[in-house]
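Visitor: I have a structure here that I have never looked at before. Can you walk me through it?

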Amino acid sequence: MLEMKHVTVETVDIKKPILKDFSLSIQEGEIHAIMGPNGAGKSTLSKVIFKNPNYEIKQGEITLFDQDLKALQTEQIARMGAFLVLQDPPVIEGVSTSDFMREALYEKTKERVNLYSFVKEIEKDCQKLSLKEELLHQSINQGLSGGERKKNELLQLLLLKPKLIVLDELDSGLDVDSLKQVCKVFNDYLKEYPSTSVLIITHYSRILEYIHPDFVHKMVDGKIVQTGTIHLAKEIEKEGYQINEHTKEQSHE
Amino acid sequence: MNKIKRKEKGNGIKKIHLKERQKDCIQLLNEENFQIEIELEKESLLEISQYSKNASGRIQIYLKGEDSKIEYHYNTVNQTENKLKVEVFHESPKTESRLFLHGWNQEEQALSFLVNVYIPKGMHGSVAQQENRIYNEKKGKALIEPTLFIDEFDVEASHSSFTGPFEETSKFYLKTRGLEEDQINHLLLEGFLEGKELTEEEKFHFFQKRKEG
């Protein structure tokens, strides 16, 4: 599904290396979590997978859905079935959520859906996420709280039914109840579509109590330094992100 | 106010006069240079949405009667060098002017908005608001000069201006949902130029966007 081999990535403007000899392999149906401190390069990773123009792949190979990422554009990656839940979804004034979502749906299905049918279709998903349907007619994310924006991301996810999902700090901006609710909706989606692959990017292990990963990776200074199971997440929560000699040994193995 | 706008051609010289307590809602479409003079009497209320393409113009608004109010939405698509000059004269107390001037500078040409609002002494309780934005698609020249001439303490006045390209963050976000550059421009421009009020034919004509299938 996603293969990254010895990838080095720089920012386009100041040529600062962010990912350094980074490798990761995600197979169909697997859930991976990447945990790391601020500045480790976690959010950059999500942007690189989606070909954000601010980053340049200097070395290494990335294949997504068996295709060379270098040859793909952001919109092609999305149409192939990848979905990024942004850490801080932007407000886009003047563009209504429904217009935008209907356009995105058209790109996926190549069928135009009228507004009435669209709203009827999405009604249940809004209820699942406790989102008011009015938001569909408002500008994207305008006037929404941080939590509502994340729910709006989930709403789009349910509509577009992706095969690979990258969750960049899903838990930020969500209170405990909202996080539980969002994770329940997310887990229901994974039950319905078990071949979906997931990459969770997070600082804290809290979200991993609700969405259970198959693999947990510790990322420090642009590379994965340790891989394990949920126990690693608990260890990180307890001890922080210090790299000790033991970690270095595991990283070299 | 009745939100159903009556459509009129906005080309050439035009005079709009609202009598006492009259309310009106007008949509103007123009592709030639224009000059519009507006006079509002006591407690009258006017809402205008103007869609302009490749045109220079001058708009003079006289708020003559107490409690007269105007809301002016000007949306322009620019491929040649053009200038818009707006003057608002608050000539009575408790008058309100709200201007929303949006321009899309498509080519490497110049587009400028010069906006002067005058509130002399004695025009207490007046409100003057303006929001000016020019999006430069290429490396054109965009100029916004908002000036407030206020000689009265008891007024509420504000202005905001923006010139530049569409935000890359917004574009990237929309791309991550599978939309291509032209679709994104379509959505952003329709929002920016308040094109929802137009028919598909008018949108196609004014914004030169693709028609929906």
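Visitor: What does the secondary structure of chain A come to?
Guide: Chain A has eight helices and 12 strands. Keep in mind that this is a predicted model.

Visitor: And how compact is chain A?
Guide: Its radius of gyration is 18 Å, close to the 18 Å that the globule rule gives for 253 residues, so chain A is as compact as a globular protein of that length. Along the principal axes, its C-alpha atoms fill a box of roughly 60 × 40 × 35 Å.

Visitor: How much of chain A is buried?
Guide: Buried residues make up 42% of the 253 residues.

Visitor: What about contacts along the sequence?
Guide: Take the contacts in chain A between residues at least 6 apart in sequence. Of these, 72% join residues at least 24 apart.

Visitor: Let's do sheets. In what order do the six strands of the open sheet in chain A come?
Guide: The order is S6-S9-S10-S3-S11-S12, and the pairing is mixed.

Visitor: Which strands stand at the edges?
Guide: Strand S6 (82–85) and strand S12 (223–228) of chain A do. Each has a single partner strand, so one side of each is left without a neighbour in the sheet. On average, neighbouring strands here are turned by 20 degrees against each other, direction ignored.

Visitor: How many bridges join S6(A) to S9(A)?
Guide: Four bridges, with S6(A) and strand S9 (residues 164–168) of chain A running parallel. Opposite Val85(A) you find Leu167(A) in S9(A).

Visitor: What holds paired strands together, in general?
Guide: Strands of a sheet pair through backbone hydrogen bonds, either parallel or antiparallel.

Visitor: In which sense do S3(A) and S11(A) pair?
Guide: In the parallel sense, over four bridges. Strand S3 covers residues 31–35 of chain A, and strand S11 covers residues 215–220. Ala33(A) faces Val216(A) in S11(A) as its opposite residue.

Visitor: Which strands does helix H7 of chain A lie across?
Guide: Helix H7 (residues 230–239) lies across S3, S11 and S12 of chain A. It runs at about 40 degrees to S11(A).

Visitor: Now a helix pair. At what angle do H5 and H6 of chain A cross?
Guide: Roughly 10 degrees, and their axes come within 11 Å. H5 spans residues 146–160 and H6 spans residues 176–192. H5(A) and H6(A) are therefore roughly parallel to each other.

Visitor: Which residues meet there?
Guide: From H5(A), Gly147(A), Lys150(A), Lys151(A), Leu154(A) and Leu158(A). They meet Ser178(A), Val182(A), Val185(A), Phe186(A) and Tyr189(A) in H6(A). The residues of this contact divide into six nonpolar, two polar and two charged.

Visitor: On to chain B. What is the strand order in its open sheet of six strands?
Guide: S2-S4-S6-S8-S10-S12, with parallel pairing. Strand S2 (12–18) and strand S12 (141–150) of chain B stand at the edges. Each has a single partner strand, so one side of each is left without a neighbour in the sheet.

Visitor: How many bridges pair S10(B) with S12(B)?
Guide: There are 10 bridges, in the parallel sense, and S10 takes in residues 110–119 of chain B. Ser112(B) stands opposite Leu143(B) in S12(B).

Visitor: How many residues of S13(B) are buried?
Guide: Zero of its 10 residues, so to speak of cover, strand S13 (residues 155–164) of chain B is hardly covered. 
Guide: Strand S11 (residues 126–136) of chain B is joined to S13(B) by 10 bridges, and the two run parallel. Tyr135(B) stands opposite Gly164(B) in S13(B).

Visitor: How many residues does each chain give to the contact between chains A and B?
Guide: Chain B gives 17 residues and chain A gives 23 residues. On the side of chain B, helix H1 (168–175) and helix H2 (181–192) are the elements that give two or more residues. H1(B) gives the most, with six residues. That side of chain B divides into seven nonpolar, seven polar and three charged residues.

Visitor: One last residue. Is Asp182(B) buried or exposed?
Guide: Asp182(B) has 10 C-beta neighbours inside 10 Å, so Asp182(B) counts as exposed. Asp182(B) is found in helix H2 of chain B.

Terms used. Residues are numbered from 1 along each chain as its sequence is written. Chains are lettered from A and ligands numbered from 1 in the order in which they are written. This is a predicted model: local features need pLDDT of at least 70, side-chain atom pairs count only at pLDDT 80 or more; totals for chains, interfaces and linings use all residues. The radius of gyration is taken over C-alpha atoms; the globule rule is 2.2 Å times the number of residues to the power 0.38. A residue is buried if 20 or more other C-beta atoms lie within 10 Å of its own, exposed if 12 or fewer, and partly exposed in between; C-beta atoms are placed from the backbone. Two residues are in contact if their C-beta atoms, placed from the backbone, lie within 7 Å. Axes are lines fitted to C-alpha atoms, for helices over the stretch in contact, and angles run from 0 to 180 degrees between N-to-C directions. Angles under 35 degrees count as roughly parallel, over 145 as roughly antiparallel, 65 to 115 as roughly perpendicular and the rest as oblique. Ala, Val, Leu, Ile, Met, Phe, Trp, Tyr, Cys and Pro count as nonpolar, Asp, Glu, Lys and Arg as charged, and the others, Gly among them, as polar. Two strands pair if DSSP finds at least two bridges between them.
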